[in-house]
Amino acid sequence: MGLALLLGGCGGQGQQGQVQNPRSTQGGGDKPLLLVSYAVTKSAYDKILPRFQAAWKAQTGKDLAIRTSYGGSGSQTRAIIDGLDADVASLALAGDVMKLEKAGLVDPGWEQELPNGSIITHSVVAFLTRPGNPMGINKWADLARPGVSVVTANPKTSGRARWNFLGLWGSVARTGGTEAQAKDFVAAVYRKVDNLPRDAREATDTFLKRGQGDVLLNYENEAIQATKAGDLKAPFVVPEVNVRIEAPVVIVDRNVDRHGNRAAAEALAKYLSSEEAQRIFAEEGLKPPTASRHRHGGWRPGDPIGQRQFSQLFGDAPLQLELGGHLGPLTLAWESWGQLNRAADNAVLLLHGFSGDSHAAGPAGPGHGAPGWWDGLIGAGRALDTDRWFVLSPNVWGGCQGSTGPSSLAPDGRAWGPRFLALTIRDLVAAERQLANHLGIARWHAVIGGSMGGMRALEWAIDEPQRVDRLLLLATAARCSAENIPFHLCQIEAIRQDSHFLGGDYYDDPSGGPQRGLALARSIATITYGCERELDQRFAAADPLGREQAIATFLAAESQQLVRRFDANSYIALTQAMNRHDVGRGRGGIDSALGRITARVRLVAVASDRLFPPHRHQELAAGLRSGVTASTMESQLGHDAYVLEAGKLSEIVRQSMG
């Protein structure tokens, strides 16, 4: 069970106890304003303050001089108490503001004076690892494994390190463990720390410059900035259980009243929550204070994590997309079962269908609205025996269940929405390939995929045949047919015709977005996924005069299940990626492409599948020529039978694993 510990703020330490001399960013004002902040915000404020000064002059006709001071949040707080004449304090820890309040410098109730409870950014704890993450550090529990060396600052002297401590503690105490277990875990991790640097800066130097340790605990925004600067060469990991580290801004009431510049101070403090300022903060790796309150469907930061793990990829070089453009870093959410062995040769890649996600096994619960979609097939002694195999199920990027997609925040702090780049199935696989490299998996014992997951599995086996030993394809095809595409286009148009679609920019709209359009799109899909016999049997007992209403009720119920957990822009992006699917594109045709596959292949069609009927599998088998075993599963449940009747596949899956 995952957790986001919603805590008040975080102490970001720069040079502990050292305060830079205030400097002027622009002259000309009679009463210079002094902004005091913690060190990591400097690059953002270097861009924000000139924009605010220009806006202030445009509004008032006056120049405004702003001086700045940067240092550790705790040391800056002490300096203000000791007499540093701050007008606005941008600190990394709500507790630091409370110290100013206790000293009589800030009036009580400061949390209500500015937007978002006076919080302007937040971050989380990240794991910085060595290139390739050779120790496989992805979860808090991995920090206590034998042989893992941890670098973190001393929580007694570093505000930032206190949040590392809280993350360690909360990963046990707030996920079902006892306080005694949490204490033992924290002690076990700190025993792995060779020394405790005084502050985060020294800890970072210990890891990056001196080459000590396997993993550094740091803020995600620090990791992003280190990646952009070229200091960090390896992808970093955001663990599934985390703390929300919120950074407040406050007007130092006693000083502004004495200086007579409250109007300018209030204007600056409010400007920091503006779209322009938030975009700049986001570009520097500092997250906006809150996600949209209105977005409907999908998972978003702050929701229960469930069993998800997260890896950030393409931080050093962005992913170049087939249709143009690039994106990076991007995040993939994933889940796994079993243990990767020392040789890393027992890995199985399980690729979900269009509306699936990483939760292939496990119960419903916080973060997961339904049990795993292949729950009965994964586990000890089951077809995908986790005593033998390490099973990995990533959520496709472009989706909306924890991986980067249209509902994710772009560098400007707003959801990507319609600005999200056009994807192909090969782009989706490129991210999965990077994840495999990140986890140290050079070869898959098996790649298994159904429907859209089967399309990705095919691309894996064609593009990197040396990495795939076995291939199990379920209810899929080598290309999207001329019949599939019109079905898809009607679904897309249903979404776009909803008045609440707003051109795809619906995330902050109180309506919650195109829910009716998305429901209609899903109804169209349900009809194409099913079959005539299944629908006839389902409604055979219905009163003939009430049959229409019974079917409408069924479609509405099916649609709402998807609407609650899916984002409309992701629906469009992934549908279009499927429309572009053709393994023969640029490879001399389908047969030529399939001829590259060296894996042992098992094909399973569904007899009643209207979307990818059995004859499409026959075309696949013919193109593969040899080394392929094909069968048809008898079911009246149509295309989704490979999920709805997974038990029928148990023996086939077991045999395919060898």
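Q: How does the radius of gyration of the protein agree with that of a compact globule of 658 residues?
A: The radius of gyration is taken over C-alpha atoms, and the globule rule is 2.2 Å times the number of residues to the power 0.38. With 658 residues, that rule gives a value near 26 Å, and the protein has 27 Å, which agrees. Along its principal axes, the C-alpha trace spans about 80 × 60 × 50 Å.

Q: Before we go on, what kind of model is this?
A: This is a predicted model, in which local features need pLDDT of at least 70 and side-chain atom pairs count only at pLDDT 80 or more, while totals for chains, interfaces and linings use all residues. Residues are numbered from 1 along each chain as its sequence is written, and side-chain values use heavy atoms, with hydrogens and water left out.

Q: How many helices and strands does the protein have?
A: Helices (H or I, at least four residues) and strands (E, at least two) are DSSP runs, numbered from the N terminus. Here there are 21 helices and 23 strands.

Q: What share of the residues counts as buried?
A: Buried means under 20% relative accessible area, exposed means over 50%, and partly exposed lies in between (1.4 Å probe, protein chains only). In this protein, 57% of the 658 residues count as buried.

Q: Is Thr41 buried or exposed?
A: Thr41 has 2% relative accessibility, so Thr41 counts as buried. You will find Thr41 in the loop between strand 3 (33–38) and helix 1 (42–60). Contact means heavy atoms within 4.5 Å. Leaving aside neighbours within four places in sequence, Thr41 is in contact with Tyr70 and Leu286.

Q: What share of the contacts joins residues 24 or more positions apart?
A: Among contacts with a separation of 6 or more, such pairs account for 77%. Gly104 lies in the loop between helix 3 (94–102) and strand 6 (119–123).

Q: Which residues touch the most other members of the largest nonpolar core?
A: A nonpolar core is a set of buried Ala, Val, Leu, Ile, Met, Phe, Trp, Tyr and Cys residues joined through side-chain atoms within 4.5 Å. The largest one has 77 residues, and Trp397, Trp444, Leu471, Tyr571 and Ile597 touch the most other members. Helix 11 (residues 425–439) supplies the largest share of this core, eight residues. Apart from this core lies another, of 31 residues, including Tyr38 and Leu114.

Q: What does Tyr571 contact?
A: Leaving aside neighbours within four places in sequence, the contacts of Tyr571 include Phe354, Gln491, Leu518 and Phe566.

Q: Which residues have a positive phi?
A: Most residues other than glycine have a negative phi, and most peptide bonds are trans. Ser118 has a phi near 70°, and Leu502 has a positive phi of about 55°. Ser118 sits in the loop between helix 3 and strand 6 and is buried, with a relative accessible area of 0%. Leu502 is in the loop between helix 13 (484–496) and helix 14 (515–529), and at 42% relative accessibility Leu502 counts as partly exposed.

Q: Where is a cis peptide bond found?
A: A cis peptide bond joins Gly328 and Pro329, with omega about -5°. Pro329 lies in the loop between strand 14 (326–327) and strand 15 (330–337).
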